[in-house]
Amino acid sequence: MGIEVQRPPLEAWYMNDSEEDQRLPHHRNPPEYVTLEKLAALGVIHWVLDADNHETDPELSIIRKDRGYNYTDVITVCPEMLPSYEAKIKSFYEEHIHMDEEIRYCLDGSGYFDVRDPEDHWIRIWVRKGDMIVLPAGCYHRFTLDEHNYIMAMRLFVGEPIWTPYNRPQDEHPVRKGYVHQFLQPELLDVDMSISA
Ligand SMILES: CSCCC(=O)/C(O)=C/O
Ligand SMILES: [Fe+2]
C-alpha cells in the first residue's frame, strides 16, 4: 500500500509583468491559476513523492526504471551552500532550453520553475518538498528560488548528465523545433483560431 503524502497539490499560475524581486510569487491580480492538464499539454509531467523516504521509495524506483533515469545527484541551492551562488542564480533565471529533459525532484525547500504558454506568457510552477517535475527538451524555462532562499533537489538524467543551457533565442534549434512541433502546434491547442483569421 502506498504512503499518503499530506500536502497541497502542485500550484501554477500566470505571472504578472512586474520587475520586482524574481523570488516573489508575481501573481496576476486577480490570480490566474493554471491546471495540471494545461501543464501536461505543454509536456510538463509531475508527481508527488515521499521525499523523506526517497532513498527507498519504490514509486521513485519505478519512475526511474520506466523512464531510464539511471543518473542522480543532489544540488542544494542557497547562498551558503552553492559555489558561485550569484552567477548560478543569474544563469538559472536566463530563459533557456536544454537538449534533454530537465528532471528535478524537490527533497526539501521550494522554488519556482517558469515555463512559456503557447502565447509566450510566463507560467510560474511552485515546486515544494515532494514535487518531481519533468520539463521536456526544447521547452523554454527558467528557475528561481522563492522568498525562503533554499531548495535541495535531486537531479535525474538518462546517461551521462549534460546541464548546458542554451539561452533564448533558439527557435531554429532542432530540439526547440521538435518541442514546438510536439506541443505547440495550433491544432493541438485549446484556442479559437477563427477570430485571428
Ligand atoms: C533546483 S535545480 C537548479 C536549477 C537548474 O538546475 C536548472 O537547470 C534550471 O533551469
Ligand atoms: Fe534549465
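**View 1. Strands around ligand 1 in a predicted model.** Strand 3 (71-77), strand 5 (102-116), strand 8 (141-145) and strand 9 (151-157) each give at least two residues to the shell around ligand 1; strands here are DSSP runs of E, at least two residues long, numbered from the N terminus. Strand 5 supplies the largest share, three residues. This is a predicted model, in which local features need pLDDT of at least 70 and side-chain atom pairs count only at pLDDT 80 or more, while totals for chains, interfaces and linings use all residues. Residues are numbered from 1 along each chain as its sequence is written, and chains are lettered from A and ligands numbered from 1 in the order in which they are written.

**View 2. The shell, residue by residue.** Look for I75, V77, F92, E102, R104, G111, H141, F143, I151 and A153 surrounding ligand 1; a residue is near a molecule if its C-beta atom, placed from the backbone, lies within 6 Å of it. Six of these are nonpolar, two polar and two charged, with Ala, Val, Leu, Ile, Met, Phe, Trp, Tyr, Cys and Pro taken as nonpolar, Asp, Glu, Lys and Arg as charged, and the others, Gly among them, as polar.

**View 3. Positions annotated in UniProt.** An unreviewed UniProt entry lists H96, H98, E102 and H141 under "binding site"; such annotations may be inferred rather than shown by experiment. These residues span 46 residues in sequence, yet no two of their C-alpha atoms are more than 11.2 Å apart, so they gather at one spot.

View 4. E102 sits in strand 5 and counts as buried because it has 21 C-beta neighbours inside 10 Å (the cut-off for buried is 20 or more other C-beta atoms within 10 Å). H141, in strand 8, is also buried, with 22. Setting aside neighbours within four places in sequence, E102 is in contact with L135 and H141, contact meaning C-beta atoms within 7 Å.

**View 5. F113 and its partners.** F113, found in strand 5, is buried, with 22 other C-beta atoms within 10 Å. Beyond four places in sequence, its contacts are I125, V127, I133, L135, H141 and F143. The C-alpha atoms of F113 and V127 are 7.2 Å apart, although 14 residues separate them along the chain.

**View 6. Confidence.** The chain averages a pLDDT of 93, a per-residue confidence from 0 to 100. Over residues 193-197, pLDDT stays under 50. Where pLDDT is low, the predicted coordinates should not be read in detail.

Conventions:
Helix = DSSP H or I, 4+ residues; strand = E, 2+ residues; numbered from the N terminus. Buried ≥ 20, exposed ≤ 12 C-beta atoms within 10 Å, placed from the backbone. Contact = placed C-beta atoms within 7 Å. pLDDT = per-residue confidence, 0-100.
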